[in-house]
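Please look over the structure below.

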Amino acid sequence: MRLSYLLAAVPFLGILGGVIFANRVEPFVLGMPFLLFWIVLWVVLTSVIMAIVYQLDPANKEDEAE
Amino acid sequence: MNVALLIIFAFLALSIYLGIRARRGKDMNLEEWSVGGRGFGTIFIFLLLAGEIYTTFTFLGASGWAYGRGGPAFYILSYGALAYVMSYWLLPAVWRYAKENRLHSQSDFFVSKYRSTGLGVVISLVTVLAMVPYLAVQFQGLGIIVSEASYGSISSTLAVIIGVVAVTVYVIVSGIHGSAWTSTIKDILVLVVIVFLGLYLPFALYGGIGEMFQQVNAEKPGFLALPAEGLSVPWFISTVLLTALGFYMWPHTFGSVFSARSARIIRRNATYLPIYQLVMLFAFFVGFASILQVPGLEGPEADLSLLRISLETFGPWMVGLIGAAGLLAALVPGSMLLMVSATVLSKNVYQAFRPDVTEEQVVRLAKILVPLVALAGMVFSLASGLDLVLLLLLGYAFVTQLFPALLFSLLPNNFVTKWGAGAGVLTGVAIVAYLETFQIKLRAVFPALGALGDTNVGIVAMLANIIVLLVVSLATRPSTVAEEQRA
């Protein structure tokens, strides 16, 4: 459970904290300006992180019968 | 009437037909009219959530901000993901409590948690206040679509009025079942149209997405990042936070949780909905592609960019399909917002004062209120002069004021009293209303703050909200004496 909370904090750090350092146009990554690339990256990582949280969460196995 | 408008109105007629069909043969009570029973499965919940999230705001507003503001538009891509992270824990707790206590609405939730009908009324009025600019977004979007697709023969004011009438008629003939079906068509059509536009325009006009960004950057250096002043880094952080916290504070997003079948479905949504946000990229691409193609749209006119570049690039058939996608993207959430506002006013405000009225009377009043709320949204749209994104941000600045009271209510030992919750919410709302009405910028009032003065007023108001909530709660704790005796 604790690990899940830590994992959940990571997207907040990546997007809200990361923008301070990622606020730049160059270098272009995958054709996108860096700031946009950074946010796209974190949106994808958020899904990955939440999928891990989901798998780790015993509640999702308990509820299976619902 | 031209082909483009014919196609748009054909889709409108189809939506109304589906709305009537969905309701036929069913004697709807208020629960069905508003919550749709509790039987929706994964796909419908997903479509309902997605349908509510992807509105004309994404379609025209996100592309408009990419066109007019550049980098700051990227906040639109950011907040949904963070909202879903929070939803993983927040929504199952709300869902479980609502199910155990047989609650139907957001207001019921606060009434039950804080044991105060009065707080329910305050919360209800605040959410309706927040939904007026949100409704205005949909009406303004419909106005833009109808007016642009008419190739200028219908004025934007008349087009907004047409939009208001369309949404009102749609709501009156259908309930949530109608919008669930129409939202299925909408999701497919909007997705196809926006993905097509977002890829076709950069490739056909610039030779690729990378090439497009290079050319925009060469023309407008620094435009693709956040500026040092105004929509700066502190603005970005505070705005993403504001909108992420407020994401599920709307009565319709909060209420959509009640119709979920299980907490597990809600948690699973939190894993894949962030990825769905990437659909917004295509709206950005359209906006950026328009910068060099249809230059000169200033201020709120930037919201026209998607339709202007479509008019320049495609024939009337294609413009009609694009307009139909936009129509549905405004109609589905617009009808939802209108229905929810009217229901909240009727059930959670009027019935709170008159508990003896029958359910039929409440339903009848809700239906009478529908055109009145629509009128309020229309007046707001025509009078405010704000672009689509700024309208929605204003709504968020109001609705996010509910977040602290909600969060504290979910704590096992909530020390916040109904007085604290109510005073906090009203303080936050009053600060937003004051600063927004008089267009007061913190940076201008306190130059010493520097870029921190760009912090979103909604977040500043929420901080004041929390302080008042804590102070008033400590001052009005009812059980202090009892606790001392226990100790």
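## Confidence

pLDDT is the predictor's confidence in each residue, on a scale from 0 to 100. It applies here because this is a predicted model.

Chain B has a mean pLDDT of 85, with 90% of its residues at 70 or more. Over residues 25-34 of chain B, pLDDT stays under 50. The model has 16 contacts beyond four places in sequence for that stretch. Where pLDDT is low, the predicted coordinates should not be read in detail.

For the complex, the predictor gives an ipTM of 0.92 and a pTM of 0.88.

## Contact between the chains

Chain A puts 30 residues into the contact, and chain B puts in 36 residues. On the chain A side, helix 1 (2-22) and helix 2 (34-56) each supply at least two residues. Helix 2 of chain A gives the largest share, 13 residues. By class, the side of chain A that touches chain B has 22 nonpolar, 5 polar and 3 charged residues.

## Nonpolar core

The largest nonpolar core holds 183 residues. Helix 16 (residues 316-353) of chain B provides the largest share of this core, 19 residues.

Which residues have the most contacts inside the core? They are A:Ile39, B:Ile8, B:Leu327 and B:Leu338. Leaving out residues up to four places away in sequence, A:Ile39 touches A:Ile15 in chain A, and B:Phe74, B:Leu77 and B:Ser78 in chain B.

Methods
Residues numbered from 1 in each chain as written. Chains lettered and ligands numbered in written order. Predicted model: local features only at pLDDT ≥ 70, side-chain atom pairs only at ≥ 80, totals over all residues. Core = buried A, V, L, I, M, F, W, Y, C linked by C-beta atoms within 7 Å. Buried ≥ 20, exposed ≤ 12 C-beta atoms within 10 Å, placed from the backbone. Helix = DSSP H or I, 4+ residues; strand = E, 2+ residues; numbered from the N terminus. Contact = placed C-beta atoms within 7 Å. Nonpolar A, V, L, I, M, F, W, Y, C, P; charged D, E, K, R; others polar.
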